Amino acid sequence: MTVAKEMHASPYPFAMTVGLAASTAFMTPVSSPVNTLVVAPGHYTFGDFVRIGVPFSRVVLIVCTLLVPWLLPL
């Protein structure tokens, strides 16, 4: 919020970016309770989460980088 205030910009894009970044923890099974719950029944390994989570995190990064400024302009 301080960065937005110093730039005389809207704080909404900054807050949305931080919120989206905080919710994109796909690379580890201990990132959320849901991931932890499916590890044993699904016979997943830590490597499975890394293999799928890294590319998915990159997709989310690109989509957020493109859509947040478009939907919430400064």
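Helix α4 (46-71) gives the most to the lining of the largest pocket, five residues in total; helices here are DSSP runs of H or I, at least four residues, numbered from the N terminus. Together with α2, α4 is one of the elements giving two or more residues to that lining. This is a predicted model, where local features need pLDDT of at least 70, side-chain atom pairs count only at pLDDT 80 or more, and totals for chains, interfaces and linings use all residues. Residues are numbered from 1 along each chain as its sequence is written, and side-chain values use heavy atoms, with hydrogens and water left out.

The lining includes Thr17, Thr24, Ser57 and Val60. A pocket is an open set of points on a 1 Å grid over the protein atoms alone, where a 1.4 Å probe fits, with protein on both sides within 12 Å along at least five of seven lines; lining residues have an atom within 4 Å of a point.

Threonine 24 sits in the loop between α2 and α3. Its neighbours include Ser57 and Val60, in contact meaning heavy atoms within 4.5 Å. A polar atom of the threonine 24 side chain is 2.9 Å from the backbone oxygen of alanine 21.

Now for accessibility: buried means under 20% relative accessible area, exposed over 50%, partly exposed in between (1.4 Å probe, protein chains only).

| Residue | Relative accessible area | Class |
|---|---|---|
| Threonine 24 | 19% | buried |
| Alanine 15 | 36% | partly exposed |

Alanine 15 belongs to helix α2 (residues 11-22). Its C-alpha atom is 35 Å from that of glycine 42. As for helix α3 (residues 33-42), one of its ten residues is buried, so α3 lies largely in the open.

Notes:
Polar contact = N/O pair within 3.5 Å; in protein donor to acceptor, adjacent residues only side chain to side chain. Lists of a residue's contacts leave out its neighbours within four places in sequence.
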